[in-house]
There are 10 protein chains.
Amino acid sequence: MLFLVHMIVNIPKDLPKDVAQEIIAKEKAYSQDLQRSGKWPHLWRVVGEYANYSIFEAESNDELHDMLSNLPLFPYMEIKVTPLAKHPSAI
Amino acid sequence: MLFLVHMIVNIPKDLPKDVAQEIIAKEKAYSQDLQRSGKWPHLWRVVGEYANYSIFEAESNDELHDMLSNLPLFPYMEIKVTPLAKHPSAI
Amino acid sequence: MLFLVHMIVNIPKDLPKDVAQEIIAKEKAYSQDLQRSGKWPHLWRVVGEYANYSIFEAESNDELHDMLSNLPLFPYMEIKVTPLAKHPSAI
Amino acid sequence: MLFLVHMIVNIPKDLPKDVAQEIIAKEKAYSQDLQRSGKWPHLWRVVGEYANYSIFEAESNDELHDMLSNLPLFPYMEIKVTPLAKHPSAI
Amino acid sequence: MLFLVHMIVNIPKDLPKDVAQEIIAKEKAYSQDLQRSGKWPHLWRVVGEYANYSIFEAESNDELHDMLSNLPLFPYMEIKVTPLAKHPSAI
Amino acid sequence: MLFLVHMIVNIPKDLPKDVAQEIIAKEKAYSQDLQRSGKWPHLWRVVGEYANYSIFEAESNDELHDMLSNLPLFPYMEIKVTPLAKHPSAI
Amino acid sequence: MLFLVHMIVNIPKDLPKDVAQEIIAKEKAYSQDLQRSGKWPHLWRVVGEYANYSIFEAESNDELHDMLSNLPLFPYMEIKVTPLAKHPSAI
Amino acid sequence: MLFLVHMIVNIPKDLPKDVAQEIIAKEKAYSQDLQRSGKWPHLWRVVGEYANYSIFEAESNDELHDMLSNLPLFPYMEIKVTPLAKHPSAI
Amino acid sequence: MLFLVHMIVNIPKDLPKDVAQEIIAKEKAYSQDLQRSGKWPHLWRVVGEYANYSIFEAESNDELHDMLSNLPLFPYMEIKVTPLAKHPSAI
Amino acid sequence: MLFLVHMIVNIPKDLPKDVAQEIIAKEKAYSQDLQRSGKWPHLWRVVGEYANYSIFEAESNDELHDMLSNLPLFPYMEIKVTPLAKHPSAI
């Protein structure tokens, strides 16, 4: 099952730089693992914003929530999930 | 270049059924041509809505507008375009 | 998998009464079939509005979209779907 | 009487971790008591968000407000309450 | 139990005048019955708008929905219901 | 003249508890004086929220602003005022 | 007492031209009477919109509602009223 | 003086095609006159929408309103005007 | 040229009282100078809010921006500017 | 390709003045380089706001994102990008 996920990142300005960098590095590793596993097939940067649109592949809502809520940046994110279905015109 | 395109379809209730069906058929053919050409790589149905999220591939804004404004259903659509860039974590 | 579905019904005022009544009757039968099948475990009226909040049970996004888009009142509805997961405190 | 309650949790980032954990533990115990008492029949996690949709059963508005305002996490929550009535098609 | 109810009236311009007048007369009679019964203790006009704020007294959500959905103008209204509780400072 | 006043209270989390309690106590006393004087005939708690809907009686806009801006909690409140008129159906 | 009033005019496209012109002429005469009487001290056009911002002077909310609801264009207007008070810095 | 003007065009579906085409032709001629006169230095199409962003040059608000309200498509447009000033970093 | 200016003031709670008082005093002096000069002909308090609606008179957008951006409270304000034109019915 | 970019600047009040001044100086230099290079052909101040509307010229979405995300003030900005196409009436 596919889901469109919109993530807006908002890291508090007073978070120490090194702490922030560490979380961002973990986020990158975590996301690349999921991408390699096929769970996160698409990850695009929204032009001009610290935000992304992604496509996630999950067997269930619970699995998706698990993947999203374990994102290292999850506490600093505003996330909206839109469930997607097969479009009748899609080839 | 990739663009996320959100299309909400709102066909007037008083449009004669046959006219509507004809436009919808043209829309399907038009979209499948673009999909086969690689210009419209992804087309997903938003669950529960007469709407879709799509990914378009275009060389320029003008080309994208041309593709969208020639959609047979264009007069009955609310469209929002979000330009996408490569994400630093995307593999 | 559970989904919270918000449906706002907006039947055009100029739809002939008998046509409207027929669709509403079909809607009731359709919904009661799904309720009996366990696919639509909860259906509540929003106080003061021609709208409802429902809980749907579906194996996939596609199945959910199928159930929703075949609602007889679907053309006259504004629908929002929120995917639900198990809450860590739920007993 | 049933109510749909939407709770968005927003714990300040500078709240000491142990204080936060303690409140969250109290919240879990408090909510599970109410669930066992039948007052809080449904509690679902919104996929991708630190938020939930719940169904509360209360004899009166005052009782509902009392239950909600005594949630340990209440000071860190944005809550919207939607009163629900019996739907004419509900079986 | 008290509820704040916001009603915005939007009678279609093409509804024949006499039909509209008849519905409005029924609405007035219906509302004054409820006011006399104590169910509708307050009814105020929003300055500059064809809208009102009202206070309803109801034993249950179902009773309130019943009163509201039977308003003759109900098909032409946008209604929002806010459940009210006793304020700790209210004398 | 009557006014519907919606007050959302948002006390900063880092305001010392005793300071907050003192302001809240002053707020209660201030509001109960106005209630006894007939200036603040109705004060209801919005279920699930640290907010209230109130009805104020004032001779002029200036008098109303004076009453509201002198609320001890005024600096921590979001306030919306809706002027009310006599409804033609009100008995 | 002063009120800021925002009026957005939306005359249905299918209203016969002569009927519309007649209402607009009545609106002009009605408004100029109120302006001469001092009740409508300011009337400004919002640049680029069929809308205006006005300042009304009224003894009471009821009087203001009376003036506004009797505007010939009232059925075709979206109106928002903001009560104004004397500013402490106003000379 | 410069103004950013956002125009969303919404021609009613039931407007006869020839009438619509005539207005659109007039609109093009009208806009190209203003462009040649330097009053309308920029006119861009919003990708995917029947809308534009424009830059207008006007000596006064009245002149700008005059130019906009005389657009042949004005009755079918939603227009928002943002006044612009010289940016301290602009070269 | 006239402009409607809406200013919402939001002074941070942790700004030292004396600093805040000093800025507010400067704001009052600054605004009264502009009022006496005719540049700021109207300044009204929005009832119940730390906000105002004002009418400014300026020769150009640049002059208006200059006046607004030099308000001592400018860093703590949310400002919206609406350009106004002469209304055809204004006497 | 042209893009309309809306930037709202929100520098935290507790950022040391000298640090803020330094970033602002860097921002000015950075933006003037891009303006001289033709990449940033238009930069206008929104009257009354610490915000601007700009026109950017970029060969691709990636190039635009690169330019925007390297703005020294980027961490303190809310940015919205609207892709623009050639308007059929533009001369």
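View 1. A salt bridge here is a side-chain nitrogen of Lys or Arg within 4 Å of a carboxyl oxygen of Asp or Glu. Between chain A and chain B of this predicted model, the salt bridge count is zero. Polar contacts do turn up: 14 residue pairs, both at pLDDT 80 or more (N or O atoms within 3.5 Å, one able to donate a hydrogen and the other to accept it; residues adjacent in sequence count only if both atoms are side-chain atoms).

**View 2. What chain A and chain B bury.** Each of the two chains puts 26 residues into the contact (heavy atoms within 4.5 Å). About 2,500 Å² gets buried between them, 67% of it on carbon and sulfur atoms; that's accessible area (1.4 Å probe) lost on being put together, summed over both. On the chain A side, A:Trp44, A:Arg45 and A:Ile91 lose the most area, together 25% of what that side buries.

**View 3. Strand to strand.** β4 of chain A meets β2 (residues 42-46) of chain B through three bridges, running antiparallel. Strands are DSSP E runs of at least two residues, numbered from the N terminus, and two of them pair if DSSP finds at least two bridges. Look for A:Lys86 opposite B:Trp44.

**View 4. Chains that stay apart.** Chain A and chain F share no contact, with their closest C-alpha atoms 16 Å apart. Chain E and chain H don't touch either, and their nearest C-alpha atoms are also 16 Å apart.

**Notes.** Residues count from 1 along each chain as written, while chains are lettered from A and ligands numbered from 1 in written order. Local features need pLDDT of at least 70, side-chain atom pairs 80 or more, totals for chains, interfaces and linings use all residues, and side-chain values use heavy atoms, without hydrogens and water.

How values were computed
Buried area = accessible area lost by both parts, 1.4 Å probe. Helix = DSSP H or I, 4+ residues; strand = E, 2+ residues; numbered from the N terminus.
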